[in-house]
Amino acid sequence: MSDKSFDLVVIGAGPGGYVAAIRAAQLGLSVACIERENLGGICLNWGCIPTKALLRSAEVFHQMERAKDYGLSAEKIGFDLDAIVKRSRGVAKQMNAGIKGLFKKNKVTSIMGEAKLAGSGKVIVKTDAGEETLVGKNIIVATGARARELPGLEADGDLVWAYRQALVPTRMPKKLLVIGSGAIGIEFASFYNTLGADTTVVEVMDRVLPVEDKDISTFAKKQFVKQGMKILEKTTVKKLDRSAGKVVAHLEDAKGTTTQEFDTVISAVGIVGNVEGLGLEELGVKVDRTHIVTDEYCRTGVEGVFAIGDVAGAPWLAHKASHEGVMVAELVAGLKAHPIKPNSIAGCTYCHPQVASVGLTEAKAKEAGYKVKVGKFPFIGNGKAVAMGEAEGLVKTVFDEATGELLGAHMVGAEVTEMIQGYVIGRQLETTEEDLMQTVFPHPTMSEMMHESVLDAYGRAIHI
Ligand SMILES: Cc1cc2nc3c(=O)[nH]c(=O)nc-3n(C[C@H](O)[C@H](O)[C@H](O)COP(=O)(O)OP(=O)(O)OC[C@H]3O[C@@H](n4cnc5c(N)ncnc54)[C@H](O)[C@@H]3O)c2cc1C
């Protein structure tokens, strides 16, 4: 093989692409990974990681404000927004440098440039040094996604922000409107609200965090409102009138249209796949709206061309992208591949309180025809949660009455994004209520609530 020929060429070095490249290299394949902006993609640079760094600052701030509850004193509590942002950017930079090191260690050829498919097995890369053509026996398109822009609600970087601007604010919003209450919108709402912005969240659906189980979004909403957020459900932002230092939002609900003034708007109305300019159509790769169409093995239908991660559609989660990356790398290396099971991928939202879930909601399970058994356990019944000063939360489990299969688990409250993994393993192992009930959970831990929720589904909960 020449220097420019590879067993695998990966376009995009996000959590889909870089993981695929490393796994393929581990399996002995020659691999090139092309990235036009930042190694680590959105996740490490503009998504998962820097948002969690910001949210951690907000969480510590919140705990400092509650110092008295713990018998502590803290005076003149304040924050320096620039320093918070600097820390978040530093964390992102550290992660980005880590990928460079991992590529080196695994002998992945890393090329910084813009890639385009150029006919069967060929990729043209535009770099600072010019253009080069790579030949790949297999190609993975892992080009990710970007913020969706709705007409009239476009980010301008000044008054109206999308997630990139919201991650590096140049000022603290005083009166903030967040459009969209999915994971990205509600995380930013939580961050700015905790730091003192007068925050309003508008959601077009009938409840916040609309993909979550109804009990969980209802519980979360109560907490957000307690923290001072205003939540407008079944409401649409029709128009934003922008003028010096202010935005007038035209809000429409069943009663009609009203206007409200804000100094900052964050638009979080979804994402669109990066499918443009890649030469997909010319090659015969099918695109449905803004996502590449694939089968469960991430095959596009064009021999040797795969698509993974955000560009290949929902769920738009880093761990889904990485899992697909590993699967495709193993497939092209001739190993047995394990397609993803969509109902076993957890979703985590790091708002305050946190939300985490896996599998079917109660409503979706019923819609799918299951007769269900449902368990619920409140944080207030758990010693560790009370000791931690985190007594507000709920764990809900949904079982198939006929077989005892754990169909779904849904949590809201402190640390649930860490705990959900217990149920994910349960689902992966196709566990039943019997296995979960027989499992001994350590005491005192918040994970005991996961046990109690299962017990409750079968009328056996101890602490409620
Ligand atoms: C604010 C925010 C918070 C988030 N928080 C979470 C979270 O907590 N948990 C979670 O699981 N997910 C989270 N996500 C989603 C997560 O970031 C994505 O699901 C994940 O990054 C998708 O990985 P990917 O590899 O498919 O794409 P990306 O991470 O988008 O990477 C694609 C890469 O391809 C590059 N690229 C595109 N076109 C080309 C080209 N033609 N040539 C070369 N390179 C190209 C891009 O520059 C990019 O670096 C968040 C997203 C946002 C925006």
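Mentor: A salt bridge is here a side-chain nitrogen of Lys or Arg within 4 Å of a carboxyl oxygen of Asp or Glu. The model is predicted, so local features need pLDDT of at least 70 and side-chain atom pairs count only at pLDDT 80 or more, whereas totals for chains, interfaces and linings use all residues. Residues are numbered from 1 along each chain as its sequence is written, and side-chain values use heavy atoms, with hydrogens and water left out.

Trainee: Which residues are linked in a network of salt bridges?
Mentor: In general, side chains of opposite charge can pair when their charged atoms come close. Here the network joins D213, D215, E362, K366, K376 and K396, and within it the side chains of K396 and D213 meet at 2.8 Å, N to O. That pair links distant parts of the chain, with K396 in strand β23 and D213 in the loop between β10 (198–202) and α7 (214–226), 183 residues apart; helices (H or I, at least four residues) and strands (E, at least two) are DSSP runs, numbered from the N terminus.

Trainee: Are K396 and D213 buried or exposed?
Mentor: Buried means under 20% relative accessible area, exposed over 50%, and partly exposed in between, using a 1.4 Å probe and protein chains only. K396 counts as buried because its relative accessibility is 1%, and D213 counts as buried because its value is 2%.

Trainee: How many salt bridges does a search of the whole structure find?
Mentor: The search finds 29, including one between R164 and E37, whose closest N and O atoms are 2.7 Å apart. R164 lies in helix α5 (residues 163–167) and E37 in the loop between β2 and α2, so this pair ties together parts that are 127 residues apart in sequence.

Trainee: Which residues come nearest to the ligand?
Mentor: A residue is near a molecule if one of its heavy atoms lies within 4 Å of it. Of the 38 residues around the ligand, G16, E35, K52, D310 and A318 come nearest, and a polar side-chain atom of K52 lies 2.7 Å from an oxygen atom of the ligand.

Trainee: How many disulfides does the structure hold?
Mentor: A disulfide is a covalent bond between the sulfur atoms of two cysteines, and the criterion applied is a pair of cysteine sulfur atoms within 2.5 Å. The structure holds zero disulfides; for C298, the nearest cysteine sulfur, that of C33, is 16 Å away.

Notes
A polar contact is a pair of N or O atoms within 3.5 Å; within protein, one must be able to donate a hydrogen and the other to accept it, and residues adjacent in sequence count only if both atoms are side-chain atoms.
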